[in-house]
Amino acid sequence: VAAGIQFSGFTTIIVWCLQAAALIWWGFRWRIRPVWVLSLGLVGIAVLKLLVTKGALAIDPIQDYTLLVSLRTLTIAVVTITLGFGAFCAGRSPRTENDEVLDWVKDTLHFGWCVMLFLLLSVETNDLFRLKLANLAASTPGQTLRAEEALLQYSRLMTFPVVWGLCSTALAWGSIRRRTVTVMIAALGMLMLAGLLSAFNGIAFQPIEAFSPILNIRLVSMVVLAGCMALHFRMLRPGPESWTWLSDVRQVVQVSIVILILLLLTAEMRDYFEKRVSDLHAASGDRDVTGAIDHLHNLQQLSLSGVWLLYSVGAMAVGIWRSYRIIRIVAFVLFAITILKIFIYDLSFLETTYRITSFIALGLILLGVSYVYQRYKELIFGPGERL
């Protein structure tokens with residue numbers, strides 16, 4: 001109560017957390033349950049006050065913001081450390097008849113500090129781009145401003161998955177070393193959020209006028225995230241014996257990597273033609289360019305089918321080489337979907353000569369695939385995975 005009267009804002013939260021940390025140590029050290037229970041309640045009050053304090057989620061005015069150097073950053077860091085310290089003390093406390101209660105408290109505190117770390121990274125990243133947008137608005141005029149703002153907004157959306165993915169990788173590595181299943185669950189949840197946001201925003205580059213093949217923020221973001229997923233896949237292999245569910249998680253991570261790379265290749269090919277369509281519109285003036293645009297869209301669909309075919313073959317080769325059954329199945333399904341797309345849609349807009357040639361080529365491909373399937377069916381769908 002005295003701290004709440006004497007101080008205000010973030011300072012009150014810091015003082016409360018320091019008090020709570022001392023009481024947590026005292027309560028667990030001397031096994032005085034009312035002390036550590038009430039001290040954890042004080043941490044909960046500090047967290048609630050943090051969430052409603054002005055400037056906790058967005059610093060205002062944004063011109064006062066400096067990356068990782070602010071009272072807000074210090075406050076969230078202190079809350080995070082306090083929760084982690086509480087989990088450490090609960091884990092080191094001698095076990096008696098309250099083992100289940102202490103385990104529940106420890107797991108809750110572990111999850112709490114992971115959430116606070118996630119919050120810290122998210123608000124810092126968001127405010128960094130808010131500052132860039134404010135500076136851009138002050139220095140860039142007119143039409144150029146709108147395009148630059150749209151690109152910066154898109155860059156912000158594609159930066160979040162990178163930050164979350166790197167943090168998730170660090171948390172997963174630490175959870176394996178310390179055998180803390182709650183931290184591993186938090187890490188996997190963070191990775192899932194990163195993957196969903198990356199897939200949702202990565203399918204279409206914004207603004208398309210600023211798109212550059214290969215050299216763009218989306219490719220960097222999704223490649224880094226795929227690398228984080230691959231590190232998760234490697235780290236999950238030697239998990240503790242009691243974590244039997246890790247084998248299922250590894251398969252989900254495998255499929256996620258394959259899908260994320262497929263989305264990236266699809267988006268890059270799609271936006272390459274969308275950029276050409278946009279440039280054609282900009283340069284056409286009053287001319288009718290409907291035929292040229294239709295031609296570009298047809299090329300776009302054929303190119304997508306070609307990329308999918310090559311990718312499915314490559315994924316199948318990797319699945320056979322590394323003995324990853326789930327990747328072989330995903331590659332087989334993708335190949336089948338691509339063949340159906342070519343038959344049902346792509347061949348419909350080709351001229352007769354090209355259509356006949358395409359049918360012959362597609363027939364030869366299917367004959368080759370049929371031969372490979374009959375010869376290596378057991379290898380493709382057989383069990384086993386080389387770790």
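In which loop does Pro207 lie? Pro207 lies in the loop between α7 and α8. Before going on, the conventions. This is a predicted model, so local features need pLDDT of at least 70 and side-chain atom pairs count only at pLDDT 80 or more, while totals for chains, interfaces and linings use all residues. Residues are numbered from 1 along each chain as its sequence is written, and side-chain values use heavy atoms, with hydrogens and water left out. Helices are DSSP runs of H or I with at least four residues, strands are runs of E with at least two, and both are numbered from the N terminus.

Back to Pro207. The peptide bond from Gln206 to Pro207 is cis, with omega near -10 degrees. Another cis peptide bond joins Asp60 and Pro61, where omega is about 5 degrees. Pro61 is in the loop between α3 and α4.

Next, backbone phi. Most residues other than glycine have a negative phi, and most peptide bonds are trans. Arg179 has a positive phi, near 55 degrees, and sits in the loop between α6 (142-178) and α7. Its relative accessibility is 55%, so Arg179 counts as exposed. The cut-offs are under 20% relative accessible area for buried, over 50% for exposed, and partly exposed in between, with a 1.4 Å probe and protein chains only. Ser323 also has a positive phi, near 60 degrees. Ser323 is in the loop between α10 and α11 (325-344), and it is partly exposed because its relative accessible area is 24%.

Now the helix packing. Axes here are lines fitted to C-alpha atoms, for helices over the stretch in contact, and angles run from 0 to 180 degrees between N-to-C directions. How do α8 and α9 cross? The axes of α8 (residues 217-235) and α9 (residues 246-284) come within 9 Å, at a crossing angle of roughly 165 degrees. The two helices are therefore roughly antiparallel. In these terms, under 35 degrees is roughly parallel, over 145 roughly antiparallel, 65 to 115 roughly perpendicular, and the rest oblique. The crossing of α8 and α9 is left-handed, meaning that the near helix is turned anticlockwise from the far one by less than a right angle; clockwise would be right-handed.

Contact, throughout, means heavy atoms within 4.5 Å. On the α8 side of this pair the residues include Leu219, Met222, Leu225 and Phe233, and they meet α9 residues including Val253, Ile257, Leu260 and Leu264. The contact residues divide into 14 nonpolar, two polar and four charged.

On to α7 and α8. The axes of α7 (residues 181-202) and α8 come within 11 Å and cross at roughly 150 degrees, which makes α7 roughly antiparallel to α8. This crossing is left-handed. From α7 the contact includes Ala187, Leu188, Leu191 and Gly195, and from α8 it includes Arg218, Met222 and His232. The division is seven nonpolar, four polar and one charged.

Which residues have the most contacts inside the largest nonpolar core? They are Leu50, Val79, Met116 and Leu171, in a core of 80 residues. A nonpolar core is a set of buried Ala, Val, Leu, Ile, Met, Phe, Trp, Tyr and Cys residues joined through side-chain atoms within 4.5 Å. Leaving out residues up to four places away in sequence, Met116 touches Val47, Leu50, Ile76, Val79, Thr80 and Leu83. A second, separate core has six residues, among them Leu309, Phe335, Ile342 and Leu347.

Lys275 is in α9. Is Lys275 buried or exposed? Its relative accessibility is 18%, so Lys275 counts as buried. With residues up to four places away not counted, Lys275 touches Ile208, Glu209 and Phe211.

Ala315 is in α10 (residues 290-322) and is buried, at 11% relative accessible area. With the same exclusion of residues up to four places away, Ala315 touches Ile327 and Ala331.

Last, Ala58, in the loop between α3 (33-52) and α4 (71-92). At 34% relative accessibility Ala58 is partly exposed.

Notes:
Nonpolar A, V, L, I, M, F, W, Y, C, P; charged D, E, K, R; others polar.
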